[in-house]
Amino acid sequence: MATILLLYSSVYGQSRRICERIAARLGERGERATVAALTDPALDPSAFDAIVVGASIKHGKHHPTVLEYLRRHRAVLQSRPGALFSVNLVARKPAKNTPQTNPYLKALLAQSPWQPQLTGVFAGELDYARYGAVDKQLMRFVMWVNRGPIDPRTRVSFTNWDEVDRFAGQVAELVRGAPSVAAAGPAAAAAPAAVAADPRAPAPELAPAR
């Protein structure tokens, strides 16, 4: 049984919910998964066999703590099977919902010292009621430009949960057969490379992802 750490950086909770869904699917496969906030100081990533990081977008950027974490724990991340996914509203459109086409994930990877074996992209949730006055107007303008929902009562999840489940299966495959690096130490080899590819593809916008 592998121990898998699922870390999330979330604005309104969608990245956390996606991590929880992945953890549930991993549990069904007999793996032991722990879900925690990326900023949780109590968790030592070196105590786990594999690490998954999920981060959402706000105002066109991932939170600065994401890159800070990847840089600080670079050695541990590189010594273990790992995955990284981005959650953003741009990914709801059929041209920007793969690791190869999503501008936000590509930008994060371009800055990251860690290049994980597995990457993924998921569309987020649009919920105007949660936004402050400025963000609400900004989001409505962005949605209007991109022909999305502008009704301020809108609350809709664009997350494709079947794709999340498929990604969870890829995480399980990634760690299957890999040595228990948490016990063996940072010199243990990482698992073979894999990429989470979504068969569809979305067009960019400055929407905060959730």
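Leaving aside neighbours within four places in sequence, valine 171 is in contact (heavy atoms within 4.5 Å) with Ile4, Leu26, Val52, Ala83 and Leu118. This is a predicted model, in which local features need pLDDT of at least 70, side-chain atom pairs count only at pLDDT 80 or more, and totals for chains, interfaces and linings use all residues. Residues are numbered from 1 along each chain as its sequence is written, and side-chain values use heavy atoms, with hydrogens and water left out.

**Nonpolar cores**

- A nonpolar core is a set of buried Ala, Val, Leu, Ile, Met, Phe, Trp, Tyr and Cys residues joined through side-chain atoms within 4.5 Å; buried means under 20% relative accessible area, with a 1.4 Å probe and protein chains only.
- The largest such core has 23 residues, and Val171 is among those with the most contacts inside it, as are Ile4 and Val52.
- At least two residues of this core come from each of β1 (3–9), α1 (14–28), β3 (50–58), β5 (82–87), β6 (118–122) and α6 (161–175); helices (H or I, at least four residues) and strands (E, at least two) are DSSP runs numbered from the N terminus.
- The helix α6 gives the most to this core, with seven residues.
- Another core, of 22 residues, lies apart from it and includes Leu108 and Trp114.

**Helix α2**

- In α2 (residues 64–72), the buried residues are Val66, Leu67, Tyr69 and Leu70.
- Pro64 and Arg72, on the other side of α2, are exposed, a term for over 50% relative accessible area.
- Among the elements that cover the buried residues of α2 are β1, β3 and α4 (103–111).
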